Number of protein chains: 2
Amino acid sequence: MTESIKQMMQTLGQQAKDASRALARAATKDKNAALKAIGEALEASRDTILKANQQDMQNGREKDLDSALMDRLELTSDRFDGMLAGLSDVQSLTDPIGEITDMAYRPSGIQLGKMRVPLGVVGMIYESRPNVTLEAASLAIKSGNAIILRGGSEAFHSNQAIAKCIQSALESSGLPKAAVQVIDTTDRAAVGELITMTEFVDVIVPRGGKGLIARISEDARVPVIKHLDGNCHTYVDDKADFDKSIPIVVNAKTHRYGTCNTMETLLVHEAIAKEFLPLAADAIMKADSNMELRGCEQTQAILGDKVTAADESDWETEYLAPILAIKVVSDMEAAIDHINQYGSQHTDVILTEDYTRAHAFLAQVDSASVMINASSRFADGFEYGLGAEIGISTDKIHARGPVGLHGLTSQKWIVFGNGETRA
Amino acid sequence: MTESIKQMMQTLGQQAKDASRALARAATKDKNAALKAIGEALEASRDTILKANQQDMQNGREKDLDSALMDRLELTSDRFDGMLAGLSDVQSLTDPIGEITDMAYRPSGIQLGKMRVPLGVVGMIYESRPNVTLEAASLAIKSGNAIILRGGSEAFHSNQAIAKCIQSALESSGLPKAAVQVIDTTDRAAVGELITMTEFVDVIVPRGGKGLIARISEDARVPVIKHLDGNCHTYVDDKADFDKSIPIVVNAKTHRYGTCNTMETLLVHEAIAKEFLPLAADAIMKADSNMELRGCEQTQAILGDKVTAADESDWETEYLAPILAIKVVSDMEAAIDHINQYGSQHTDVILTEDYTRAHAFLAQVDSASVMINASSRFADGFEYGLGAEIGISTDKIHARGPVGLHGLTSQKWIVFGNGETRA
């Protein structure tokens with residue numbers, strides 16, 4: 001069995017590699033035509049796809065999957081529209097491939113610059129969100145990459161239905177069908193192959209739970225753009241404007257729970273904690289009366305029975321649920337130290353009107369997104385104008401934060417010479 | 001023993017991580033002052049360092065190391081001057097850290113852009129070139145990274161002498177000494193630790209033989225910016241200008257043999273092979289009468305006894321020696337196919353006056369550097385104006401080709417808000 005999985009994956013890999021050469025050379029208009037055809041095919045199959053998703057949802061309920069996962073899995077008609085809108089956005093994005101920048105003469109006489117090129121073959125491993133199938137495929141096509149997709153077993157029917165549309169549209173628009181391949185087995189050995197086929201795959205993008213990603217990073221031989229957890233902080237400085245801060249805190253925590261850019265810990269400067277925390281707690285509870293607040297001792301002293309005691313594990317946890325950890329800190333440096341110690345380098349926010357502190361926080365917090373006076377929920381490919389995102393990277397090399405088109409490309413050096421030799 | 005190595009490496013790692021925070025916040029003037037102090041310390045110890053290198057050279061001769069390796073190991077007074085000039089170049093480079101670019105308003109009202117930040121801790125594993133110790137250290141300091149260096153045992157005395165100067169200069173200029181640490185054991189277990197300490201090390205840059213790098217890539221858990229071999233090609237098109245092409249071919253092959261950007265295979269369009277090859281062969285033999293030419297059947301038919309028969313392995317080999325493989329190809333597509341099949345995606349060159357072919361070669365050859373009408377020897381950090389290079393990457397993600405300051409940084413997203421929440 002494993003031998004046949006290996007054989008199957010080698011075949012997928014070779015097909016992807018061959019397809020990637022055609023994709024790398026494909027003209028912008030041909031890639032856009034393929035994306036348009038995919039949109040039409042999906043619209044034509046809307047009912048089929050939603051029905052497939054209902055089947056996955058039903059199976060999920062029977063398996064008693066948790067609510068965050070079920071939220072990710074669900075494909076409503078609105079979300080389907082959102083998917084198509086995202087696809088349309090990707091069409092209208094500027095094709096990054098072939099972009100030549102920074103051409104300048106060197107003292108030797110050569111003219112040196114950079115050209116943006118696809119990575120080649122992308123391997124994508126994800127869990128429950130079926131819209132990832134389309135997002136990842138459309139970004140791969142637009143950026144001239146072939147992609148091999150491995151979605152979660154809980155979204156199997158949704159993903160297969162979406163994949164069917166993508167492949168038929170690719171075929172009808174003259175691009176290789178193998179530019180987008182969806183692995184049609186849930187056998188885990190397929191993942192093991194995918195992440196070690198360095199001869200075929202140029203980069204692996206895993207999306208899902210921390211356990212999955214840690215396992216993949218451990219076993220991969222192909223470079224991984226990984227997204228670990230999103231333990232996001234908002235630090236409310238003593239120079240914060242409450243009128244801006246309360247709505248931001250409410251939005252960052254209650255806008256959506258199953259997303260990685262949701263605030264999990266609120267840090268509050270001790271000089272304003274007594275004034276700010278009751279206002280913030282009331283506003284948050286008003287937005288969601290099911291919210292559970294867990295605080296440090298100082299927070300408990302201020303909020304009384306509105307809050308339970310937080311322990312060490314609360315500072316480390318990505319709840320993905322209506323739970324908020326709250327800690328009172330002595331100053332901004334203490335907030336930064338807390339973020340550096342417990343954060344996941346995803347998205348961290350300072351709320352302040354103080355210029356120097358805003359600047360220092362920006363420079364010193366080593367996270368993929370660092371924000372001043374805004375909700376962490378903005379850390380998202382659509383909000384960042386990337387069209388769609390293939391993931392949110394918590395890595396430090398290559399791409400940080402939301403990864404869109406550019407994260408699936410790299411720049412090679414190009415030289416325009418006129419007979420130059422090295423002295 | 002291995003346990004004590006592990007303990008030693010964990011200590012180095014923790015020290016590097018602590019130092020990296022100070023480095024990330026260090027002002028440009030403080031980093032430059034440290035680099036200046038290092039230059040002064042090296043100049044003051046010139047004789048000591050050259051003497052240490054002589055000891056390494058003597059040991060190398062006794063161990064009968066091959067000529068390419070001995071060439072890399074040797075530190076002449078001229079090369080020492082080159083090292084100091086490189087260090088001075090790094091001082092005068094613009095500090096990339098803190099650079100804010102692309103700030104633009106999004107429809108939501110947030111202003112989004114990017115800030116350039118250090119990677120954190122770099123682990124560098126290299127072989128014989130002692131000048132790499134200084135290059136890597138100076139690029140790490142300037143880019144706000146801490147670095148842990150592991151040089152080859154053959155350059156042990158040279159590296160320790162250089163490292164001593166660097167650390168004393170760091171100390172005297174107020175930056176943490178642990179910003180640059182040189183592992184002072186040749187025990188291989190130290191490398192095993194270095195490349196798996198994901199809690200301390202953010203990126204590994206190995207430089208050396210293919211075997212070393214393959215081994216490191218296989219075992220590493222930290223992301224690797226790797227440089228495999230440099231099997232560089234020059235394709236002479238039938239529209240090439242011979243007056244430009246002959247000097248380029250001679251330069252690309254004979255300028256220096258132990259370097260990865262040296263041409264190893266010459267590809268010649270069949271329509272001009274009869275005319276071009278005898279001229280090229282004479283010019284190359286004139287530059288180095290020890291050159292050995294190995295050709296395909298068509299080349300043998302043209303060059304007769306000036307050439308021996310090339311076999312499959314010649315197309316795959318980075319000689320690092322006065323040997324040149326020559327192949328006659330039917331057209332540019334055949335040249336590109338050959339390069340894609342046998343090349344190492346390092347540096348490949350087309351010599352042509354034809355605009356469309358030049359453009360197509362540039363777009364279709366998937367190498368870190370692709371050149372028109374210039375010598376592949378230009379693929380180098382100094383020639384590219386990077387100040388010095390930490391390596392030449394043959395990877396596709398993060399950084400391709402010569403890796404200088406920017407390769408040791410990444411960009412995080414920053415958001416200037418004014419109370420925005422996500423709708």
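This is a predicted model: local features need pLDDT of at least 70, side-chain atom pairs count only at pLDDT 80 or more; totals for chains, interfaces and linings use all residues.
How many of the six residues of β13(B) are buried? Six of its six are, so to speak, under cover: the strand is mostly covered.

**View 1. Strand β13(B) and its neighbours.** Within chain B, strand β12 (residues 347-351) is joined to β13(B) by four bridges, and the two run parallel. For a handy pair to click on, take B:Val349, which stands opposite B:Met371 in β13(B). From chain A comes strand β16 (residues 409-420), which pairs with β13(B) in the parallel sense over five bridges. Here A:Phe416 has B:Ile372 as its bridge partner.

View 2. Strand β13 (residues 369-374) of chain A runs parallel to β16(B), with five bridges joining them. One pair to look up is A:Ala374, whose bridge partner in β16(B) is B:Glu420.

**View 3. The side of chain B that touches chain A.** In the contact between the chains, 54 residues of chain B meet 54 residues of chain A. Elements of chain B that each supply at least two residues to this side are β2 (111-118), α10 (242-254), α15 (355-364), β13 (369-374) and β16 (409-420). The largest share comes from β16(B), with 11 residues. Sorted by class, this side of chain B has 23 nonpolar, 19 polar and 12 charged residues.

**View 4. Where the two domains of chain A touch.** Chain A splits into domain 1 (2-226 + 395-416) and domain 2 (232-378). Their C-alpha centres lie 34 Å apart. Five residues of domain 1 are in contact with six residues of domain 2. On the domain 1 side, helix α4 (residues 67-73) gives the most, with three residues. By class, the domain 1 residues on that side divide into one nonpolar, one polar and three charged.

View 5. Buried residues in α5(A) are A:Met83, A:Gly86, A:Leu87 and A:Val90. These four cover an arc of only 100° around the axis, so they sit on the same side of α5(A). The spacing makes sense, because an α-helix has 3.6 residues a turn and residues three or four places apart point the same way. What covers the buried residues of α5(A) includes α2 (28-44) and α6 (131-142) of chain A. Turn to the other side of α5(A) and you find A:Ser77, A:Asp78, A:Asp81 and A:Ser92, which are exposed.

**View 6. Positive phi at B:Gln345.** This residue isn't a glycine, yet the phi of B:Gln345 is positive, near 55°. B:Gln345 lies in the loop between α14 (332-342) and β12 of chain B. Is B:Gln345 buried or exposed? With 24 other C-beta atoms within 10 Å, B:Gln345 is buried; the cut-off for that is 20 or more.

**View 7. Positive phi at B:His398.** B:His398 is not a glycine either, and has a positive phi of about 65°. Look for B:His398 in the loop between β14 (391-393) and β15 (401-403) of chain B. B:His398 has 22 C-beta neighbours inside 10 Å and therefore counts as buried.

Notes. Residues are numbered from 1 along each chain as its sequence is written. Chains are lettered from A and ligands numbered from 1 in the order in which they are written. Two residues are in contact if their C-beta atoms, placed from the backbone, lie within 7 Å. Ala, Val, Leu, Ile, Met, Phe, Trp, Tyr, Cys and Pro count as nonpolar, Asp, Glu, Lys and Arg as charged, and the others, Gly among them, as polar. Two strands pair if DSSP finds at least two bridges between them. Domain bounds come from an automatic or database domain assignment. A residue is buried if 20 or more other C-beta atoms lie within 10 Å of its own, exposed if 12 or fewer, and partly exposed in between; C-beta atoms are placed from the backbone. The arc is that of the directions from the helix axis to the C-beta atoms.
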